[in-house]
Every structure is written in C-alpha cells, then in structure tokens.
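Here's a quick tour for anyone meeting this structure for the first time. Take a look at the sequence and the fold, then read on.

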Amino acid sequence: LNNIDIYNNVGLIVGDDGTILRTENYGSTWNNISYGTSYDLIDVKVVNEESAYILLESGSVQVLKTIDGGLSWQEYSIATNRTWKAIDFIDSMNGVVIRSDGLRYITEDGGVTWNTMYIFPGLKNIYYLNNGFGWYVGYYQFNDVTLGQFIRYDPGNYSTISQKIARVPLNDIYFSDSDNGWAAGGNRYNIAGINRDVLLHTNDG
C-alpha cells in the first residue's frame with residue numbers, strides 16, 4: 001500500500017498491482033475496488049464523496065478519475081516514461097501532478113488537458129489548500145551535500161518562495177491552514193554515516 005486520502009467519512013487507499021481500497025465509515029471497514037490494472041498506483045486525492053483522482057505508473061495512462069465513488073474510472077494521459085511522485089487537487093477541476101525531474105503539470109479542466117512548469121529537480125511531494133496556496137518539497141544535490149528544499153506558491157500574487165533547509169531530503173508536507181505546516185524528511189545515512197530524520201514546523205507559511 002502506497003498512499004491514503006480521506007474526505008469526511010470516505011477514503012481511498014492505493015497500492016501496487018492496481019490495489020484500490022475504499023471506506024465509507026472513517027476506516028472501520030474497507031472494500032476492494034476493481035479497476036483492472038496491474039500497474040502500481042502511486043498517490044490518491046479524494047476531492048469529495050464521489051470524486052477522486054489516482055496517480056499511477058504506466059506506459060500510456062497516468063491519471064485515473066472517478067465521479068461516481070469508484071464504480072467507473074476515466075483514464076488521462078500526461079506524458080510517458082517518467083517517474084511520477086504525487087498528485088493533489090483543490091477541487092474537482094483544478095489539480096497538480098509532479099514528477100521527480102522537477103516538472104509540474106497543472107490542469108484546470110479535471111484532467112482533460114495539462115500545462116507544464118519547471119519547479120526544481122528532486123521533487124518528492126506536494127500539498128495544496130483549497131484556497132490555492134501550495135507547497136512543494138524535495139531535495140537539492142550539490143556535490144556530495146544533500147539539502148532539503150521547498151517552494152511555497154502564493155495564488156494571491158502568483159509568487160513563489162524557495163528555501164533550502166535541513167541537510168536531508170524532505171519527503172512529505174502537510175498544512176492545516178496558510179500559516180501552520182509540517183514537513184518530514186530524512187535519509188538512511190547522513191554525512192557522518194548515521195541515520196538522520198527531521199520533522200519541521202512553521203507557523204508563518
């Protein structure tokens with residue numbers, strides 16, 4: 001199992017070999033949903049009780065969309081032969097997909113069309129609030145030094161803020177509002193040859 005997302009009482013879990021699990025009671029019970037693929041499912045975003053998006057690693061299809069609670073799925077192609085990392089949607093129409101080489105794909109029509117923008121190589125995860133504020137995390141490699149990196153996107157003035165922090169990659173990020181957020185990172189060995197994990201918190205975005 002690779003990822004989970006929950007909206008109110010409805011949640012989805014995705015995993016390898018096309019695994020999709022759905023709950024309608026806050027996770028008390030889970031049911032298998034059959035899509036009919038053996039590809040690994042990477043990430044999932046539940047927009048509401050009926051709509052959800054899944055990111056998968058395949059040759060021709062990268063995004064699955066349901067508008068009926070998982071009974072049927074629509075397939076969308078973005079680009080082939082890439083390493084996909086994460087997907088997020090702020091509503092049923094506006095969403096973002098990232099891949100590890102630093103490209104961000106944006107849709108404003110529910111996945112029908114996608115526009116690209118370069119962020120930074122080493123992208124690992126994203127998080128968007130419903131008001132359009134977004135954060136991108138990953139790592140920056142300079143010679144033998146690895147630094148955690150994040151970018152904050154402000155929809156109000158279409159600006160971004162980029163910082164390099166922590167001497168480990170940042171793997172995940174979550175914000176409860178536009179100011180309060182947490183980022184988790186780590187690697188197996190740091191420069192001293194030992195494990196190192198970090199949990200970062202901000203109260204100013």
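## A buried charged pair

D88 and K45 are both buried. Keep in mind that the model is a predicted one. These two residues form a salt bridge, and their closest N and O atoms sit 3.5 Å apart. D88 belongs to strand β9 (residues 84-89) while K45 belongs to strand β5 (residues 40-46), so the pair ties together parts that lie 43 residues apart in sequence.

## Other salt bridges

How many salt bridges does a search of the whole structure find? The count is four. One of them links D101 with R99, with 2.8 Å between the closest N and O atoms. R99 is buried because its relative accessibility is 5%, under the 20% cut-off, whereas D101 is partly exposed at 32%.

R22 and E24 make a salt bridge too, with their closest N and O atoms 3.2 Å apart. Here R22 counts as buried at 11% relative accessibility, and E24 counts as exposed at 51%.

## A four-stranded sheet

Now for the strands. Four of them make an open sheet in the order β1-β2-β3-β4, and the pairing is antiparallel. β1 (3-7) and β4 (31-32) are at the edges with a single partner strand each, so one side of each has no neighbour in the sheet.

Strands β2 (residues 10-14) and β3 (residues 20-23) pair in the antiparallel sense over four bridges. If you want a spot to look for, V14 has I20 in β3 as its bridge partner.

Methods. Residues are numbered from 1 along each chain as its sequence is written. This is a predicted model: local features need pLDDT of at least 70, side-chain atom pairs count only at pLDDT 80 or more; totals for chains, interfaces and linings use all residues. Side-chain values use heavy atoms; hydrogens and water are left out. Two strands pair if DSSP finds at least two bridges between them. Helices (H or I, at least four residues) and strands (E, at least two) are DSSP runs, numbered from the N terminus. A salt bridge is a side-chain nitrogen of Lys or Arg within 4 Å of a carboxyl oxygen of Asp or Glu. Buried means under 20% relative accessible area, exposed over 50%, partly exposed in between (1.4 Å probe, protein chains only).
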